[in-house]
Amino acid sequence: MAIAKEEELYDPIKRYFVHKGFEVKAEVNHCDLVAIHPDTEETIIVEMKKTFNLALLLQGVERQRLGAQVYLAIERNRKKSGAVNQRYGDLTELCRRLNIGLITVTFYKTKPAAVELLCLPEDEPIRYQRVRKGKRLLQEFKERSGDYNVGGSHARKLVTSYREKALRCALSLQQLEISSPKNLSTHCGVANVPTILRHNYYGWFNKIERGKYTLTEDGHAALVEYEEVINGWTNSLL
């Protein structure tokens, strides 16, 4: 059963790593899937494509610079067409030489998808000097309250940690109706409220006078559009 979009790979791979005790989130700093173990902070990055190609391989090598264990994931097509993505033995050997893991996902019509680990990164993650990118990846992962994206998706609005902070500001401003940045910061618990209001990246906030802000129509609409995210905050407190 061939898949239509690479994002269909996300759910079975997420379940695979969640079963191993990892916390998983999608589209973190342009990585399709990031998994972090809560006890050891072992970090795994998975990049996904429907078929194996050079672009995917180069993407995996680039992700190694973040100091994480890197896996490539593709669909395992059961049709014996002789295509390059059927040469799993050769692809496994190539990934093993580069210290990159390889995962395949087989889809069926009447039963759950099967995830198979063909090889894993046996060595420690390669350490590059660009450690700041790795730190930003961890920070972005930890600042997100949940997993509201789908790995491998394109042309969708991503729920980033910044968008969540802006949503918290919007929710508090809706409740207060009019507020100063200082009061709003106290109410919503977001540290950089003045910067979020000043930049107004999404057009959700309206400055009516010095130090006084209200919520725009777009801001009210955003609270409806991202209701799932807001409910996730409430559920996490129960």
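This is a predicted model: local features need pLDDT of at least 70, side-chain atom pairs count only at pLDDT 80 or more; totals for chains, interfaces and linings use all residues.
Good morning, colleagues. I shall begin with the sheet. It is open and consists of 6 strands in the order E1-E2-E3-E4-E5-E6, with mixed pairing. Its edges are strand E1, residues 23-28, and strand E6, residues 114-119, each of which pairs on one side only. On average, neighbouring strands of this sheet are turned by 25 degrees against each other, direction ignored.

Let me turn to the individual pairings. Strands of a sheet pair through backbone hydrogen bonds, either parallel or antiparallel. Strand E2, residues 31-36, and strand E3, residues 43-48, run antiparallel and are joined by 4 bridges. Within this pairing, leucine 33 stands opposite valine 46 in E3.

Two helices pack on the sheet. Helix H1, residues 10-19, touches E1, E2, E3, strand E4 (69-75), strand E5 (101-106) and E6, and its direction makes about 145 degrees with that of E1. Helix H2, residues 54-63, touches E2, E3 and E4; the direction of H2 makes about 160 degrees with that of E4.

I now come to strand E5. In which sense does E5 pair with E4, and in which with E6? With E4, the pairing is parallel over 5 bridges, and isoleucine 74 stands opposite threonine 104 in E5. With E6, the pairing is antiparallel, again over 5 bridges, and here isoleucine 103 stands opposite leucine 117 in E6.

How many residues of E5 are buried? The count is 6 of the 6, so E5 is largely enclosed by the rest of the structure. In a regular strand the side chains alternate between the two faces of the sheet. In E5 both faces are covered: Gly101, Ile103 and Val105 are buried on one side, and Leu102, Thr104 and Thr106 are buried on the other.

Finally, I turn to a helix pair. Two packed helices are described by the angle between their axes and the distance between the axes. Helix H5, residues 161-176, packs with helix H8, residues 217-225, at an angle of about 115 degrees, and their axes are 10 Å apart. H5 is therefore roughly perpendicular to H8. The crossing of these two helices, H5 and H8, is left-handed.

Which residues form the contact? From H5, Leu167, Ala170, Leu171 and Gln174 meet His220, Ala222 and Leu223 of H8. By class, this contact of H5 with H8 has 5 nonpolar and 2 polar residues, and no charged ones.

Thank you for your attention.

Conventions
Residues are numbered from 1 along each chain as its sequence is written. Side-chain values use heavy atoms; hydrogens and water are left out. Axes are lines fitted to C-alpha atoms, for helices over the stretch in contact, and angles run from 0 to 180 degrees between N-to-C directions. Angles under 35 degrees count as roughly parallel, over 145 as roughly antiparallel, 65 to 115 as roughly perpendicular and the rest as oblique. A crossing is left-handed if the near helix is turned anticlockwise from the far one by less than a right angle, and right-handed if clockwise. Contact means heavy atoms within 4.5 Å. Ala, Val, Leu, Ile, Met, Phe, Trp, Tyr, Cys and Pro count as nonpolar, Asp, Glu, Lys and Arg as charged, and the others, Gly among them, as polar. Two strands pair if DSSP finds at least two bridges between them. Buried means under 20% relative accessible area, exposed over 50%, partly exposed in between (1.4 Å probe, protein chains only).
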